[in-house]
Amino acid sequence: MSEFEGNSRAVTSSQAGVHERLVEVVQRNLANPFKKPFADHTRAAFEQAQQWVDKQGKPLIFDSCCGVGESSRIIAQRFPEHAVLALDRSEARLDKHQRCFDETLDNLLFVRADLMDFWRLAEEAGWHLDYHFLLYPNPYPKPGQLQRRWHASPVFSSLLNLGGELVVRSNWKTYIDEFVLALNEAGIASSTQDYSAAEPMSAFERKYWASGQQSWQCWAQLASD
Ligand SMILES: C[S@@+](CC[C@H](N)C(=O)[O-])C[C@H]1O[C@@H](n2cnc3c(N)ncnc32)[C@H](O)[C@@H]1O
């Protein structure tokens, strides 16, 4: 299986339901700012993105963990009055986008960056988003991988502070259930639904649906102050 085909099997986990330590981990992360130094390459990527954002002068949308960026194009076309940053750490996936689509969109920029740093840099710079899409983040389903899931990671508070309408999708219902609980710990209401649409919006969404899997979605309005 190639890197781009990814894994379209249903998520299996020895974790039955929400992780027993989820609330404790989220509370600890929310109470303690993450101080890890920024990687130089992500700082450089952020500075370039900042110049582009300044030039655009439009309200911002993030498509975080964009993969090959199909969703990013759809979002940029759907929101022509917004500047869309498509963010992923995988050069191979971002390169694949360039190979598949000739036409560039004026309001879409692909940035190779580690979100562990990029979200914090954006927060530090005072950025506020109108929308934030997080489609099919890696589920890290082993119980010992809890803190690699975004809602249990030390950068969760930065994701929240960036604000905007947040859309998270997963093919692992537990991921969405945990996300909702983590938001709740931060005092943020959210809604969930089993998600379907006439057309898939991303490469992973297409693969999951083609193999008969279901998607779940969490939506929340994050404070933008
Ligand atoms: C399962 S893929 C989903 C891609 C795309 N959203 C889709 O639906 O087709 C998850 C993506 O998250 C990216 N990713 C995981 N951890 C990341 C991090 N710390 N910073 C940036 N990207 C990350 C991976 O490189 C991968 O492309």
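Which residues have the most contacts inside the largest nonpolar core? The legends below take this up view by view.

**View 1. The largest nonpolar core.** Val84, Leu87 and Phe179 have the most contacts inside this core of 56 residues. Helix H7 gives the largest share, six residues. A nonpolar core here is a set of buried Ala, Val, Leu, Ile, Met, Phe, Trp, Tyr and Cys residues joined through C-beta atoms within 7 Å; buried means 20 or more other C-beta atoms within 10 Å of a residue's own, with C-beta atoms placed from the backbone. This is a predicted model, in which local features need pLDDT of at least 70 and side-chain atom pairs pLDDT 80 or more, while totals for chains, interfaces and linings use all residues. Numbering starts from 1 along each chain as its sequence is written.

**View 2. Helix H7, residues 173-185.** Helices (H or I, at least four residues) and strands (E, at least two) are DSSP runs, numbered from the N terminus. Just after H7, Gly187 takes a positive phi of about 80°.

**View 3. The open sheet.** Seven strands run in the order S3-S2-S1-S4-S5-S7-S6, with mixed pairing; strands pair if DSSP finds at least two bridges between them. S3 (108-112) and S6 are the edge strands. S2 (residues 83-88) and S3 pair in the parallel sense over five bridges, and Val84 has Leu108 as its bridge partner in S3.

Methods:
A residue is buried if 20 or more other C-beta atoms lie within 10 Å of its own, exposed if 12 or fewer, and partly exposed in between; C-beta atoms are placed from the backbone.
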